[in-house]
Amino acid sequence: MAVYAHVTDRTGRLLILRCGITREWVLPGGDAGPYESEADAAAYHVRRILHLALPPGEKRAVVDGDTLVDCGSLSPEQLSRVELPTRRAGQAEPEFTALRFVPPSALPEPMPAGQRQLLRFRQKS
C-alpha cells in the first residue's frame, strides 16, 4: 500500500517532486509499514523527503489501495527550510531533482496514473 502526502502552498497549489530516476513528477510519499497508519506513513515520508515535520490530517482519497493524506499548507518560512534528499552512495541520480507547486487542475506530464487518479478522485467528491 502506498501513501502520498497532499501538501500545498498558501495559494492552494500542489507540491510535486521530480523523480531523479524516472523523471516523472510525483507526490511525496512511499510505502506504509505493515503496522503503520496512513497518517504516520505520510508524516514519515514528508520528514524523509522534505525534511519538514508536518502534522498529517484527514484522508483525502483512497483508490486501488493507495491513500492520499492531507498534510496541510506550507508557510513561506517552512518552504525556505525544505531540503531535497541528496544522492546516496551507489545511486546514479538523486532521488528527487526538483520541487514545484502547480494548480491541481494543471498536473504536468509525466505523472504516475495512480497518483493522478487519487487527485482526481478528491476533486470529484
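## Cysteines

Cys19 counts as buried, with a relative accessibility of 15%, where buried means under 20% relative accessible area, exposed over 50% and partly exposed in between, using a 1.4 Å probe and protein chains only. Cys71 is likewise buried, at 3%. This is a predicted model, in which local features need pLDDT of at least 70 and side-chain atom pairs count only at pLDDT 80 or more, while totals for chains, interfaces and linings use all residues. Residues are numbered from 1 along each chain as its sequence is written, and side-chain values use heavy atoms, with hydrogens and water left out.

The structure holds 0 disulfides, a disulfide being a pair of cysteine sulfur atoms within 2.5 Å. For Cys19, the closest cysteine sulfur is that of Cys71, and because 19 Å lies between the two sulfurs, they are too far apart for a bond.

## Overall fold

The protein has 3 helices and 7 strands, taken as DSSP runs numbered from the N terminus (helices are H or I with at least four residues, strands are E with at least two). Along the sequence these elements follow the pattern β-β-β-β-α-β-β-α-β-α. The radius of gyration is 14 Å, close to the 14 Å that the globule rule gives for 125 residues, so the protein is as compact as a globular protein of that length; the radius is taken over C-alpha atoms, and the rule is 2.2 Å times the number of residues to the power 0.38.

## Nonpolar cores

A nonpolar core is a set of buried Ala, Val, Leu, Ile, Met, Phe, Trp, Tyr and Cys residues joined through side-chain atoms within 4.5 Å. In the largest one, which has 20 residues, Val7, Val46, Leu50, Cys71 and Leu74 touch the most other members. At least two residues of this core come from each of strand 1 (2–8), strand 2 (14–19), helix 1 (38–50), strand 6 (66–73) and strand 7 (96–102), and helix 1 gives the most, with 5 residues.

Leaving aside residues up to four places away in sequence, Leu50 touches Leu15, Leu17, His45, Arg81, Val82, Glu83, Leu84 and Leu99, contact meaning heavy atoms within 4.5 Å. A second, separate core of 14 residues includes Ala2, Tyr4, Ile16 and Val102.

Pro94, in the loop between helix 2 (76–81) and strand 7, counts as partly exposed at 22% relative accessibility.
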